[in-house]
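Please look over the sequence and the structure shown here. The report that follows takes up charge, overall architecture, surface and a few individual residues in turn.

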Amino acid sequence: MAWFVLVVSGLLEAVWAAALDRSEGLTRAVPSAVFVVALVLSMGGLAVALRTLPVGTAYAVWVGIGAALAVGYGMVTGAEPVSLVKVLLLVGLVSCVVGLKLAH
């Protein structure tokens with residue numbers, strides 16, 4: 001259950017990062033509200049997962065999921081350029097996250 005909560009929290013990390021970007025410095029109401037809600041849920045989920053998972057592993061997985069999705073979202077929306085190197089690095093990042101789960 002802790003791993004499921006952690007993965008969902010990692011997904012929400014990407015949501016709050018994207019919402020923060022769209023909020024234009026917290027000046028737009030809807031993206032700012034999405035940012036706050038996703039941030040609270042993401043951090044809360046991380047806190048719940050840390051009850052049973054080691055902090056180093058949990059944090060690395062949480063950040064890895066959020067970072068990979070945030071970059072992927074940026075590439076899909078055109079905010080970030082797509083390159084083979086970036087895609088390969090993201091595959092490597094996701095592989096490392098999966099490896100941390102398997103090694104636990």
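## Confidence of the prediction

The mean pLDDT of the chain is 96, and 100% of its residues reach 70 or more. Among the elements, helix α2 (residues 29-49) has the highest mean pLDDT, at 98, whereas helix α4 (residues 84-103) has the lowest, at 93.

## Architecture and dimensions

The chain is built from 4 helices and 0 strands, so that, by definition of the elements, the pattern read along the sequence is α-α-α-α. Among contacts between residues at least 6 apart in sequence, 63% join residues that are at least 24 apart.

The radius of gyration of the chain is 14 Å, which agrees with the value near 13 Å that a compact globule of 104 residues would have. Along the principal axes, the C-alpha trace spans about 40 × 35 × 15 Å.

## Burial and surface

Of the 104 residues in the chain, 32% are buried, a class that requires a relative accessible area under 20%. The chain exposes about 6200 Å², and carbon and sulfur atoms supply 77% of this area.

The C-alpha atom of M1 is separated by 8.2 Å from that of A49, although the two residues are 48 residues apart along the chain. A49 falls within the range of helix α2, which is given as residues 29-49.

## The loop between α1 and α2

Two residues with positive phi values deserve a look here. E24 is located in the loop between α1 and α2, and its phi is near 50°, a positive value in a residue other than glycine. L26 is found in the loop between α1 and α2, and the phi of L26 is near 65°, again a positive value in a residue other than glycine.

Methods. Residues numbered from 1 in each chain as written. Predicted model: local features only at pLDDT ≥ 70, side-chain atom pairs only at ≥ 80, totals over all residues. Heavy atoms only, no water. pLDDT = per-residue confidence, 0-100. Rg over C-alpha atoms; globule rule 2.2 N^0.38 Å. Buried < 20%, exposed > 50% of the residue type's maximum accessible area, 1.4 Å probe, protein only. Contact = heavy atoms within 4.5 Å. Areas by Shrake-Rupley, 256 points an atom, 1.4 Å probe, with all protein chains shown as cover.
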